[in-house]
Amino acid sequence: MAIEKKVLVIIPAYNEEGAVGKVVESVKTYLPGADALVVNDGSSDRTPEKAEASGAIVLNLPFNLGIGGAMQSGYKYAFEKGYDVAVQVDGDGQHDPKEIPKLLKALEEKEVDMVIGSRFIGDSEFKSSMMRRVGISIFSKVISLIVRQKITDPTSGFRAANRKTIQLFTIHYPQDYPEPEALVLLHKSGHKMGEVPIMMSHRVAGESSITKLKSVYYMVKVLLAIFVDCFKKPTV
Amino acid sequence: MLIKIQLFIGTLSIILLIITFELIRKEKLREEYSLLWLFTGAVILVFSIWPEYFLSRFFSQITGIFYLSAVVLLAFMFLLLIVFHFSVVISRLTSQNKELAQRYALMELEFRELRNQRTRSKRTSNQSNGAIK
């Protein structure tokens, strides 16, 4: 990079004491110039202590706001502290911080406002349950149709956003399952987005927030939310 | 029969109005809700005083519903309206609550950082003082 940009890695964590320390350490290893912000979403375990010990800045929410509210807090911090780029990485260790430079590079080279790390482009060999793959492909079709651009992995929470997008997210960020909805929001506000292939490992510890039984409910709910989003007024 | 229902509903609406007034007086009910409840009480009272005009003639002619069913229907519609109003209010409160929690967390982080900075600078100034002595 020609000009050194101020990068913040936002790591939302809810009861992730087993994984959050490793994630922060690996961010520090692969991106020594960046700051790591762990958003502790009202954890009842030792997540904040572990995060603090591994050298992260810790933002403690007074109670559980859910992933949307936690991520938005991170974006608010990034905006207020004048960061140029915010990267979101899950606190459970399924995103490999080694891949962050790829996102940052793509953000600059593709001249987009947000880059999504996709599990489904190129040679990534992401294995998951049949149901989940079907679900993601339906999301992919719907989202691609709405944003008029091919998005292979709309549920990926491994993303990098520039300052323009950070600012948008401080004002509006979806609540419950924000990843697919955020893309619709970006499109409606005229922001550009792109994808890069990344490798994703399975979570180090903890359980997915989406269990098999809930996945159908999740899909219907998010599709409904996306449908409603299409009728909302464009913002900014 | 009708007079009994009139008395019953009339009393109910008066009790509702009295309770609403009392709560407003004690400032336990915000104006935006109190208006809604006063209006509800007043409408029910009017219906119980002139049921023929409002319901048996006017309302029944339009809808074909008899007095008691009409009252139940109206009450149900009012409750629906009130519940709807509440869900709007709860949505607003939830979003305000989120904003507040986020602002609190950001301020708390800022405060912690400032305090750490101060203790660090104090420690270094103490050390340098010690060196001079």
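**View 1. Helix H3 of chain A is largely enclosed by the rest of the structure, because 11 of its 15 residues are buried.** The model shown in this and the following views is predicted. The buried residues of H3(A) are A:Ile67, A:Gly69, A:Ala70, A:Met71, A:Gln72, A:Ser73, A:Gly74, A:Tyr75, A:Lys76, A:Tyr77 and A:Ala78. At 1.5 Å a residue, the 15 residues of H3(A) should span 21 Å, and the 21 Å between its end C-alpha atoms agrees with this. After H3(A) comes A:Gly82, which has a positive phi, near 75°.

**View 2. The contact between the chains involves 12 residues from chain A and eight residues from chain B.** On the side of chain A that touches chain B, strand S3 (57-60) and helix H3 (66-80) of chain A each supply at least two residues. H3(A) gives the largest share of that side, six residues. Sorted by class, the side of chain A that touches chain B holds six nonpolar, four polar and two charged residues.

**View 3. Seven strands of chain A form an open sheet with mixed pairing.** The strand order is S3-S2-S1-S4-S6-S5-S7. S3 and strand S7 (193-197) of chain A are the edge strands, each pairing on one side only. From one strand to the next, the twist averages 20°.

**View 4. Strand S4 (residues 85-88) of chain A is covered on both faces.** In a regular strand, side chains alternate between the two faces of the sheet. In S4(A), A:Val85 and A:Val87 lie on one side, A:Ala86 and A:Gln88 lie on the other, and all are buried. Strand S1 (residues 7-13) of chain A pairs with S4(A) in the parallel sense, over four bridges. Opposite A:Val85 of S4(A) stands A:Val7.

**View 5. Strand S6 (residues 159-162) of chain A pairs with S4(A) in the antiparallel sense, and S6(A) also runs antiparallel to strand S5 (residues 114-118) of chain A.** The pairing of S4(A) with S6(A) extends over four bridges. A:Gln88 has A:Arg159 of S6(A) as its bridge partner. S5(A) is joined to S6(A) by three bridges. For A:Val115, the bridge partner in S6(A) is A:Ala160.

Terms used:
Residues numbered from 1 in each chain as written. Chains lettered and ligands numbered in written order. Predicted model: local features only at pLDDT ≥ 70, side-chain atom pairs only at ≥ 80, totals over all residues. Contact = placed C-beta atoms within 7 Å. Nonpolar A, V, L, I, M, F, W, Y, C, P; charged D, E, K, R; others polar. Buried ≥ 20, exposed ≤ 12 C-beta atoms within 10 Å, placed from the backbone. Pairing = 2+ DSSP bridges. Expected span 1.5 Å × (residues − 1). Axes fitted to C-alpha atoms, helices over the stretch in contact; angles between N-to-C directions.
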